[in-house]
Amino acid sequence: MNKPLLKMSGINKSFPGVVALKDVNFTLRTGEIHALLGENGAGKSTLIKVLTGVYQADSGTIELNGIPIRTQSPKHAQELGISTVYQEANLCDNLTVAENIFIGREPMKRGRIDWEEINSRSRKLLESLNLNIDVTQTLDNYSVAIKQMVAIARALDISAKVLILDEPTSSLDKAECQKLFEVMRKLRNDKMGIIFITHFLDQVYEVSDKITVLRNGMFVGDFEADKLSKLDLIGKMIGKDYEMLEKAVKTEGLTCKGETFLTADNIASSSVKPFSLEINKNEVFGLAGLLGSGRTETARVIFGADKSEGGKIFVKDEERHFKNPIDAIKVGIGYCPEDRKVDGILPDLSIKENIVLALQTKKGLFKFIDKKTQKEIADKYIKLLDIKTPDSEQLIKNLSGGNQQKAILARWLATEPDLLILDEPTKGIDVGTKAEIQKLVLELASNGMAIVFISSEMDEMLRCCGRMAVYSEKQKLGELSGEQINEKAIMDMIAGGGAQ
Amino acid sequence: MKNLTKYKAFWPTVAFVVLLIFNAFFTKNFFAISIVDGHLFGNLIDIIKNVSPLALLSIGMTLVIATGGIDISVGSVVAISGALACSIIDKRLGFFDGSLAAALIFGLLAGVLCGLWNGFLVSKVKIQPIVATLILMTAGRGVAQLITKGKIVTINSAPMMKQYYFLGAGYFLGLPFAIFIVAIILVGMLMLVRKTAFGLFLESLGINSRSSRLSGVNTDRIKLVVYTISGFMAALSGILISSNIKGADCNNAGLFIEMDAILSVAIGGNSLAGGRFSITSSVLGAFVIQCLTTTVYAFGVPPETILLVKAFVIVILCLFQSQSFRQKLMAWREGKKVHSA
């Protein structure tokens, strides 16, 4: 066994009113990929922030190569050899690849920046990651995956002994993930220690050697990856039996059809070709397809967020024109958008205000919901959806991702919609919350709501949807329902559509 | 202390009080209030009287800035409304000659139209606010010149001169009449933003316009409304200014006052990036600026250094408002303590 490269022991950290970390241990060895797992709010981010000097631990020790260290700031951590690549790589799209790698520490020659050196070193660096790209192009020419690699290259060049990858795969497709994993394995063979944070458990098993699990700020344990089964792992993460949750969801899968709520007749927008749909009450209707296939665009045009070009929309057999989302909200439609950060939360407003906003717009400017009622509504949904927060006055940006998502769900549930469109409602959310949300979706449908459900995760779609439309290349290809729905049928349809 | 600093109004209030305390020690008779011609008279009354136009502008500017925008055309709108109102009072336009009501209505209407124009450019044409309002900032004074045919309009001989003069320079219950207008507008605006959902929509729009729209906020209409309110405030302010000098000077009325209005909002602790806002503390910010100006004059600072002194005080004030500066200062002080111990 290798000697420990990094050893964090007895780490405690509390914030006013919350204990974020309690006696957490973490040991990383050289040449090891170590997955750090836990639900949202389990303390993963806090632990990393303590390690990289964003926060100072209340107590506990950190040793790097056997020498006690105390990181003062992310920059200090970097100087010690601890580098982080974040989920949304913090790079500049308008600079070249090489500039991004050397920004802030450009090699100089005779008082000027040595561009040759920068470019050739960047090229070499990326080559060592098996990446052959033109480093003089600006970064926005490249895919998210390549940006991720550039961020890693940058971290490596600053001389990393410990590399922290925070959700590096959340916006990558399968092939891109594989490429990243190759790089990770290569770095492992170069005797580096890698901390890998992710929500995708399959990926954990694909590359990790060891797994450390946190729950509610407590250290659950560290395990050899090949000796811990996936079900056991989930059990340790959520602290309850996952199979029970799964079952609860499955038995309620429903296909019974209620009355038609919304009919789209040959609707199109600038980003989706004409399509027709019927959405019924008591039903979860899926929009299947890959990212960018037209499923989100379909939702947006139905909701009035994008301008429709031709076609008609009927709600309960009455023709409607939605110029703005508010028009759709007023007839009982809600839309939980895909990108929580950009389209969902209002970071500097309280949870309470975030929850009541849509209800307020539905009621209009002058029927003001007074502070007391606002609080009652917010508290009701905080309780119903089990949003973890000290109170409804907290700013929503202080919540973890899963709890933010629940608050956005609460925003729409508060409007008591007849049709709720959920676009990737479980993205970036831990397994426990995911199952809760799926369960909620089915419950809502069985209570009479019409639901449109969009997700990139196939098994989630299979589990929740009674009927679905399949999309590819901005076009609706066809519909599947009931027994017809399975992964192969969807894939066949997408493949067939692509060949046309 | 911590609880207090959380309020936006905290720092402008502190600044105001510090200025007053400074005056208590260093400026002779600063607080002296006498009764002249049946109304109050003194430096404090001067502040109240002169702050009114700026206070009105800062109210409108706060709303615009809360959406993440800015309105740099208010100085020109001041000139336009003043020019129009004075020209009507002085019987120069050939319609509604000499009517006070027409002067006020058309003056204010001009401001509303200017605001609608700005709002249209920002919300529908999607021009960046600073560029959109720059158009009217430069063109506005030209429009004002057209109204007055390039002349400075004085209303000394107009029949309704006295009534018009009363608005900006008259006294009511011993206090400047203009401050009552400010008070009424302030209360009205507070009702609008806190007793309807307008404030919530405005803040959500300023924080994230995309999610606000998806949650049903009519972002375009809200923008249109705030620029229109700002235009209205500028027009009202223009009427007060022209009334106070009994005339309209298109080149100099409200010159650079947009900068003071923006500064009032900033001193009031409102983020220029938009979002959370407080109208009251912007008005307090306007008071700080006016108090500073009056102090500088009353203290007898040589005229050529007045601008520098003002700038200096404002830099200090802004530094104290910045949280990161305060934290650094605290850390430095604590470091010093440890050192000496």
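This is a predicted model: local features need pLDDT of at least 70, side-chain atom pairs count only at pLDDT 80 or more; totals for chains, interfaces and linings use all residues.
## A covered strand in chain A

Let's begin inside chain A, with strand 3, which spans residues 32–37. The strand is mostly covered, as six of its six residues are buried.

With strand 10 of chain A (residues 193–197), strand 3 pairs in the parallel sense over five bridges, and here A35(A) stands opposite F196(A). With strand 11 of chain A (residues 210–215), the pairing is again in the parallel sense, over four bridges. In that pairing, T212(A) is the bridge partner of L36(A).

## Where chain B meets chain A

Now to the contact between the chains, to which chain B gives 21 residues and chain A gives 33 residues. Together the two chains bury about 2,200 Å², with 63% of that area on carbon and sulfur atoms. Three residues of chain B deserve a look here: L200(B), R213(B) and L214(B) supply 30% of the area that chain B buries against chain A, more than any other three residues.

The polar side of the contact can be counted too. Between chain B and chain A there are two salt bridges and eleven residue pairs in polar contact, both residues of each pair being at pLDDT 80 or more. One of the salt bridges joins R210(B) to D343(A), with the closest N and O atoms 2.7 Å apart. On the side of chain B that touches chain A, the elements giving two or more residues are helix 8 (177–195), helix 9 (198–207) and helix 10 (209–214) of chain B. Helix 9 of chain B provides the largest share, six residues. Sorted by class, this side of chain B has seven nonpolar, eight polar and six charged residues.

## R295(A), a buried arginine

Back in chain A, R295(A) is worth a visit. This residue lies in helix 10 of chain A, which covers residues 295–302. R295(A) counts as buried because its relative accessibility is 1%, and buried means under 20%.

What does the side chain of R295(A) reach at 2.9 Å? It reaches the backbone oxygen of G289(A). The side chain of R295(A) also makes a polar contact of 3.0 Å with the side chain of E424(A). Leaving aside residues up to four places away in sequence, R295(A) touches L287(A), G289(A), L290(A), E338(A), E424(A), I454(A), S455(A), S456(A) and Y471(A).

## Salt bridges through the model

Over all chains, the structure holds 30 salt bridges. One of them joins the side chains of D418(A) and K281(A), at 3.6 Å from N to O. D418(A) sits in the loop between helix 15 (401–413) and strand 19 (419–423) of chain A, and K281(A) in the loop between strand 14 (272–280) and strand 15 (283–288) of chain A, so the pair ties together parts 137 residues apart in sequence.

D306(A) forms a salt bridge with R300(A), the closest N and O atoms being 3.1 Å apart, and R300(A) is buried, with a relative accessible area of 17%. The side chains of R320(A) and E318(A) meet in a salt bridge of 3.7 Å, N to O. Here R320(A) is partly exposed at 29% relative accessible area, and E318(A) also counts as partly exposed, at 45% relative accessibility. Finally, E283(A), R467(A), K476(A) and E479(A) are linked in a network of salt bridges.

## A strand residue in chain B

One last stop is V36(B), whose place is in strand 1 (residues 34–36) of chain B. With a relative accessibility of 33%, V36(B) counts as partly exposed. V36(B) and G174(B) are 138 residues apart in sequence, while their C-alpha atoms are 9.7 Å apart in space.

Terms used:
Residues are numbered from 1 along each chain as its sequence is written. Chains are lettered from A and ligands numbered from 1 in the order in which they are written. Side-chain values use heavy atoms; hydrogens and water are left out. Buried means under 20% relative accessible area, exposed over 50%, partly exposed in between (1.4 Å probe, protein chains only). Two strands pair if DSSP finds at least two bridges between them. Contact means heavy atoms within 4.5 Å. Buried area is the accessible area (1.4 Å probe) that two parts lose on being put together, summed over both. A salt bridge is a side-chain nitrogen of Lys or Arg within 4 Å of a carboxyl oxygen of Asp or Glu. A polar contact is a pair of N or O atoms within 3.5 Å; within protein, one must be able to donate a hydrogen and the other to accept it, and residues adjacent in sequence count only if both atoms are side-chain atoms. Ala, Val, Leu, Ile, Met, Phe, Trp, Tyr, Cys and Pro count as nonpolar, Asp, Glu, Lys and Arg as charged, and the others, Gly among them, as polar.
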